[in-house]
Amino acid sequence: MASIRLRGVEKSFGAANIIKGIDLDIADGEFVALVGPSGCGKSTLLRIISGLENATQGDILLDDKVVNDDSPRDRNVYALYPHMTVAQNMAFNLKLSGKDKQEIARRVEEAARMLDLVDLLERRPGQLSGGQRQRVAMGRAIVRNPSVFLFDEPLSNLDAKLRVQIRSEIELLHHRVKTTAVYVTHDQIEAMTLADRIVVLNRGVVEQVGTPLELYNRPANLFVAGFIGSPSMNFVEARLKETASGQKAELADGTEIALPDRQLASRSGNVTLGVRPESIVVDRQSGNLAGTLKVAEPTGPQTHDTVLCFMRMRSRPPQGRPRGRSAYEVEVLVRGH
């Protein structure tokens, strides 16, 4: 196993600055997920850690050793060989390291069973789908027991059932071997369920690092608040107001929403109110907001409703809203049963 430290890492492609001075510590045995929108730099950062890309500036340290000039092979990164079968690909580096045949066979069989590759062991990479090739690459990493696992969206090409199965296997693998892991994904569920900590990237910079629940319950800014959570958080412009019953958020039409007794005690004036869909309760008699159901998306155990709310404005509209309108529309996502 190994710790990973990034110090002032930057990456530019010509005039395009993709990674902008990232500092990050990943502890020995920790599972860290890199998330963010397309083009934020998460895969580029993973390639820099693996040695497939060179940083324009900064240092990459594995166990406090600077590895900027180390090749991908020295960092346990390998490709698939098209002339070999799946079994041979998974066993290749074990043979090079001098493992005996029985040990090689045991490790390959264990990894193949874990990744649902048993029926594919005699095929070659050209006969596999993209998702199957991803699983073979994971198998090669697993059989070597490396010091660091690097995953670049390994489940993206799998069907829904297999994605859940392999996600569980990755989690069990990490709990069993406690190997340091860096996992790039666009899927929040993967990040939230697998990672000890999540790194949220945006335009090449780190917006926030924290445990899944820290990011969900205490986002550092509007970007993280809107990015973490599905459906995403609702945002409404409001003004803080002190009342006899406590602090409230006053919306543009005078509607008042009670706030929890934390975080905002020292704030005043205009704010952006963020509300998670699961925090909204449908009340057909005395609710704060009224609206019309726009879209209903049944998912089985839950239904995601998009409600178009109309709020009558008493004075000037919130920032960004056009003047001269007597009402404005707010889309609110409600997660209900």
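**Close-up views of a predicted model**

**View 1. Q132 and the residues around it.** Apart from residues up to four places away in sequence, Q132 touches L117, L120 and Q127, where a contact means heavy atoms within 4.5 Å. You'll find Q132 in helix α4; helices here are DSSP runs of H or I with at least four residues, strands are E runs of at least two, and both are numbered from the N terminus. Q132 is buried, at 17% relative accessible area; buried means under 20%, exposed means over 50%, and partly exposed is what falls in between, using a 1.4 Å probe and protein chains only.

A quick word on the numbers before moving on. This is a predicted model, so local features need pLDDT of at least 70 and side-chain atom pairs count only at pLDDT 80 or more, while totals for chains, interfaces and linings use all residues. Residues are numbered from 1 along each chain as its sequence is written, and side-chain values use heavy atoms, with hydrogens and water left out.

**View 2. Helix α2 and what it packs on.** Helix α2 covers residues 86-96, and its buried residues are V86, A87, N89, M90, A91, N93 and L94. Those buried residues pack against α3 (101-114) and α4 (130-144). Zoom in on M90: leaving aside neighbours within four places in sequence, M90 is in contact with V108, A111, A112, L117, L121, V136, G139, R140 and V143. After α2 comes G98, with a positive phi near 85°.

**View 3. Two nonpolar cores.** A nonpolar core is a set of buried Ala, Val, Leu, Ile, Met, Phe, Trp, Tyr and Cys residues joined through side-chain atoms within 4.5 Å. The largest one has 42 residues, and the members touching the most other members are M90, I166, I170, I198, V200 and I228. A second, separate core has 23 residues, including I4, L45, L62 and V184. In soluble globular proteins, nonpolar side chains tend to be buried together.

View 4. Strand β1 (residues 4-13) and strand β4 (residues 57-62) run antiparallel and are joined by 5 bridges.

**View 5. D64, between β4 and β5.** D64 isn't a glycine, yet its phi is positive, at about 65°. The residue is in the loop between β4 and β5, and D64 is exposed, with a relative accessible area of 52%.

**View 6. Strand β8 and its partners.** In β8, 5 of the 6 residues are buried, so the strand is largely enclosed by the rest of the structure. Strand β3 (residues 31-35) pairs with β8 in the parallel sense over 4 bridges, with V32 opposite R197 in β8. The pairing of β8 with β9 is antiparallel, through 5 bridges; V200 has Q208 in β9 as its bridge partner. The hairpin of β8 and β9 has 2 residues between the strands, and R203 there takes a positive phi near 55°. R203 is exposed, at 66% relative accessibility.

View 7. A cavity is a set of points, on a 1 Å grid over the protein atoms alone, where a 1.4 Å probe fits but cannot get out, and lining residues have an atom within 4 Å of a point. Grid points are joined across faces, edges and corners, and the volume is the space filled by probe spheres set on the points. The count is 1 cavity of 30 Å³ or more, and the largest cavity holds about 40 Å³ of space. Its lining is made of F31, F149, F151, I170, L173, H174, V177 and T179. The largest share of that lining, 4 residues, comes from α5.

**View 8. A cis peptide bond at P231.** S230 and P231 are joined by a cis peptide bond, with omega about 0°. P231 lies in the loop between α8 (222-227) and β10 (234-243).

Key: Two strands pair if DSSP finds at least two bridges between them. On a 1 Å grid over the protein atoms alone, a cavity is a set of points where a 1.4 Å probe fits but cannot get out, and a pocket is an open set with protein on both sides within 12 Å along at least five of seven lines; lining residues have an atom within 4 Å of a point.
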